[in-house]
Structure formats: structure tokens, C-alpha cells
Amino acid sequence: MEIIYQGAESIIYLSEYDNQRVLVKERIRKEYRVPQLDDELRKTRTKKEVKLLTEVRKLGIFTPTIYHVDEKESKIMMEFIDGVMLKNHLNEIPEEEIKSICFELGKIIGKLHSHDIVHGDLTTSNMILKDGKIYLIDFSLGDFTKRIESKGVDLKLLRDALKSTHFKILSLAWESILEGYRKEYKNSADVLEQLKKIEQRVRYANRESG
């Protein structure tokens with residue numbers, strides 16, 4: 001077992017299933033929880049993530065194929081996407097390629113939001129580029145929602161991630177994402193207006209705390 005990532009809620013590792021290399025996401029037991037509650041929470045969250053991945057894939061958005069779900073052990077066995085993490089790629093490529101990739105990313109997010117799905121953790125660490133296609137991974141914080149606020153938060157998380165990791169290309173990347181987002185999502189103006197309000201609230205809160 002080769003561990004790829006271990007966090008507070010889950011462990012992700014490479015394994016073998018049906019004679020092929022797969023990625024396994026296993027939700028970790030929490031000793032401080034009542035066992036029955038812990039089992040139910042892990043099971044519910046696993047089922048929700050599987051449903052999100054399945055529905056997103058139906059939209060034509062690339063996500064890992066799910067091979068097997070072990071609800072009892074809260075494990076998802078899925079396709080291992082052997083590509084490059086967008087976080088490690090975006091800063092190293094020419095401007096035209098940045099614009100192309102980010103425009104496509106904006107369209108992907110627009111398609112999610114137009115079908116009332118939010119990812120919940122839109123960072124370039126959760127995007128893998130393979131054969132020119134962008135794969136979205138890790139929907140553990142995702143949700144089905146019509147709320148404009150939730151969609152605005154989704155975009156704010158992405159913008160914050162770009163500021164942190166891709167600050168040198170922030171303007172180019174963000175404008176290209178918005179171009180794709182507006183093209184794909186007919187209600188994009190409402191979400192972008194909400195995004196402005198969310199950012200204003202954050203700035204006000206920061207001034208008050210300072």
C-alpha cells in the first residue's frame with residue numbers, strides 16, 4: 001500500500017483491484033465519536049461523495065471512474081488518474097496555454113453550477129491534467145445546492161487558491177476562468193455579484209478584527 005495523502009478525515013492510497021492499479025479513499029474512524037454515529041457519518045459521507053462523482057461524470061466532466069464502493073468500511077476504489085496536478089503545472093506554461101486551460105476550467109465550474117452542484121474545495125490541487133483534459137477530484141466537501149451563496153463561496157475558494165499558489169498569473173488565470181464561466185452558465189452574473197458581496201463581508205470582518 002502506497003499512501004498518497006493522509007488527512008484528518010481520510011487516507012488515500014494506491015492499491016490493486018481486479019488486476020489494475022486503483023486509488024482508494026478510506027474514511028478514518030474517529031475514536032472520540034460514538035461508534036454507531038461514527039459508522040453512520042462515514043457511510044453517509046461516502047455515499048454522498050460517490051453520488052456527486054457519478055452525477056458530475058454524467059455531465060461530461062472528467063472525474064475518476066468508480067470501480068467499487070465498500071460502504072461498510074467507507075472505502076471508494078476508483079481510477080488512478082496518472083496525470084499532472086494543475087497546481088504543479090499552471091505556473092510553468094506559456095500564457096496562451098494558461099488562458100486555454102483556465103477558460104476550460106471556467107466552463108467546467110459553470111457546468112457544475114448550472115446543474116446545482118458545488119465542489120466545495122476548488123483548488124488546483126484537486127485538478128489533474130491528463131491528455132489535455134482536466135479531471136476534477138475529491139468531492140468530499142461537495143454538495144447539491146441551488147444557493148447562490150454556496151456557488152459564490154465555491155468561486156471565492158478558487159480565487160483564494162489562485163492568489164496563494166499562482167499569484168504571478170492571477171489576473172490572466174482568473175479572467176480566463178470567468179470568461180469560460182460566463183459562457184457556460186446563464187446565471188453567472190448572479191453568482192459573480194454574490195461573490196463581490198462575500199468578498200466585501202470578508203474585508204469588513206478583517207477590518208473589524210484588526
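Aspartate 38 touches Ile28, Arg29, Lys30 and Arg33, leaving aside residues up to four places away in sequence (contact means heavy atoms within 4.5 Å). This is a predicted model, in which local features need pLDDT of at least 70 and side-chain atom pairs count only at pLDDT 80 or more, while totals for chains, interfaces and linings use all residues. Residues are numbered from 1 along each chain as its sequence is written, and side-chain values use heavy atoms, with hydrogens and water left out.

Aspartate 38 sits in helix α1; helices (H or I, at least four residues) and strands (E, at least two) are DSSP runs numbered from the N terminus. Aspartate 38 is buried, at a relative accessible area of 2%, where buried means under 20% with a 1.4 Å probe and protein chains only. A polar atom of its side chain lies 3.2 Å from the backbone nitrogen of lysine 30.

Now to helix α2. Its 20 residues should span 28 Å at 1.5 Å a residue, and the end C-alpha atoms are 28 Å apart, which agrees (the expected span is 1.5 Å times one less than the number of residues). Its buried residues include Ile98, Ile101, Cys102, Leu105, Ile108 and Ile109. The buried residues of α2 pack against α1, β7, β8, β9, α3 and α4. After α2 comes aspartate 116, whose phi is positive, near 60°.

Next, the pockets. A pocket is an open set of points on a 1 Å grid over the protein atoms alone, where a 1.4 Å probe fits, with protein on both sides within 12 Å along at least five of seven lines; lining residues have an atom within 4 Å of a point. A volume is the space filled by probe spheres set on the points, which are joined across faces, edges and corners.

| Largest | about 850 Å³ | 32 residues | Tyr5, Ile12, Asn126, Ile137 and Asp138 |

For the largest pocket, the elements giving two or more residues to the lining are β1, β2, β3, α1, β5 and β6. That lining divides into 16 nonpolar, seven polar and nine charged residues (Asp, Glu, Lys and Arg count as charged; Ala, Val, Leu, Ile, Met, Phe, Trp, Tyr, Cys and Pro as nonpolar; the others, Gly among them, as polar).

In the second largest pocket, α2 gives the most to the lining, with seven residues. By class, this lining has six nonpolar, three polar and six charged residues.

How values were computed. Buried means under 20% relative accessible area, exposed over 50%, partly exposed in between (1.4 Å probe, protein chains only). A polar contact is a pair of N or O atoms within 3.5 Å; within protein, one must be able to donate a hydrogen and the other to accept it, and residues adjacent in sequence count only if both atoms are side-chain atoms.
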